[in-house]
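I opened this notebook to record what I looked up in one structure. The entries run from the whole chain to single residues.

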Amino acid sequence: MPGFVVTVDGERLLWGRTKVEEMFALLVGRGSEGVTTGEVIACLWPGRTADDSTQSLSRVTFKRMMDTLKEKGVDDIIATDGRKKYLLTQKVECDLYRILDGDQEKIRLYSGEYMRQYSWAETGNAQLSSIKMANIAVCDSGTGLWLCKAGESNCGSCLSWGRELRCGRGQ
């Protein structure tokens with residue numbers, strides 16, 4: 001997954017401001033769990049207290065994000081319940097959600113670069129790395145060690161630094 005990129009109908013969405021994009025990224029990262037205003041402030045403006053000023057800043061950023069989504073006709077992907085804001089994950093196509101759902105191709109392609117530009121995403125990156133490692137096992141082929149899909153030693157589709165290789169057993 002190269003960086004955080006949002007597209008609508010194949011066209012990259014331009015947010016205009018970095019905090020607006022980061023707020024959307026946070027909503028993507030939290031998915032159906034959602035975020036409170038306090039959590040938004042803690043993530044987007046770390047070190048600042050959740051006072052009237054930062055709460056206002058959060059509201060303005062959220063409005064700008066919604067305006068950007070509305071311009072593209074996709075503002076219906078965000079919901080609020082008064083306390084939290086949510087991304088309606090069933091309405092979006094997202095590599096993150098495909099990995100979490102066990103999509104083996106997306107897991108294989110994951111390079112450890114999940115939203116690295118955001119410090120609050122470190123936990124998510126660790127979780128994705130764990131998923132990737134849980135789906136890869138070491139295969140002792142007799143000709144060396146290779147990384148294979150977990151549970152499929154001598155599978156014929158070993159991975160070595162992104163290249164497909166044969167296990168080498170019986171060769």
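**Conventions**

I worked with a predicted model, in which local features need pLDDT of at least 70, side-chain atom pairs count only at pLDDT 80 or more, and totals for chains, interfaces and linings use all residues. I numbered residues from 1 along each chain as its sequence is written, and side-chain values use heavy atoms, with hydrogens and water left out.

**Whole chain**

I looked up the secondary structure and found 6 helices and 9 strands; helices (H or I, at least four residues) and strands (E, at least two) are DSSP runs, numbered from the N terminus. I noted that 38% of the 171 residues count as buried, where buried means under 20% relative accessible area, exposed over 50%, and partly exposed in between, with a 1.4 Å probe and protein chains only. The accessible surface of the chain is about 10,100 Å², and 49% of it belongs to carbon and sulfur atoms; I took these areas from the Shrake-Rupley method with a 1.4 Å probe. Among contacts with a separation of 6 or more, 44% join residues 24 or more positions apart; contact means heavy atoms within 4.5 Å.

I listed the contacts of Ile78 beyond four places in sequence: Phe24, Leu27, Phe62, Met65, Met66, Leu69, Tyr86 and Leu87.

**Second largest pocket**

I recorded a volume of about 260 Å³ for the second largest pocket. A pocket is an open set of points on a 1 Å grid over the protein atoms alone, where a 1.4 Å probe fits, with protein on both sides within 12 Å along at least five of seven lines; lining residues have an atom within 4 Å of a point. Of its 13 lining residues, Gly29, Arg30, Tyr114, Gly124 and Gln127 are the closest to the centre. The elements giving two or more residues to this lining are α1 (18-30), α4 (95-100) and α6 (122-134), and the largest share, 4 residues, comes from α6.

I found Val40, Ile41, Cys43 and Leu44 buried in α2. Their cover includes α1, β3 (35-36) and α3.

Beyond four places in sequence, Ser58 contacts Met23, Thr37, Val40, Ile41 and Trp45.

I placed Arg48 in the loop between α2 and α3. Arg48 counts as partly exposed because its relative accessible area is 42%. Leaving out neighbours within four places in sequence, Arg48 touches Ile41, Ser53, Thr54 and Leu57.

**Strand β2**

I looked up Arg12, which lies in strand β2 (residues 11-12). Its relative accessibility is 48%, so Arg12 counts as partly exposed.

Notes. Grid points are joined across faces, edges and corners, and a volume is the space filled by probe spheres set on the points.
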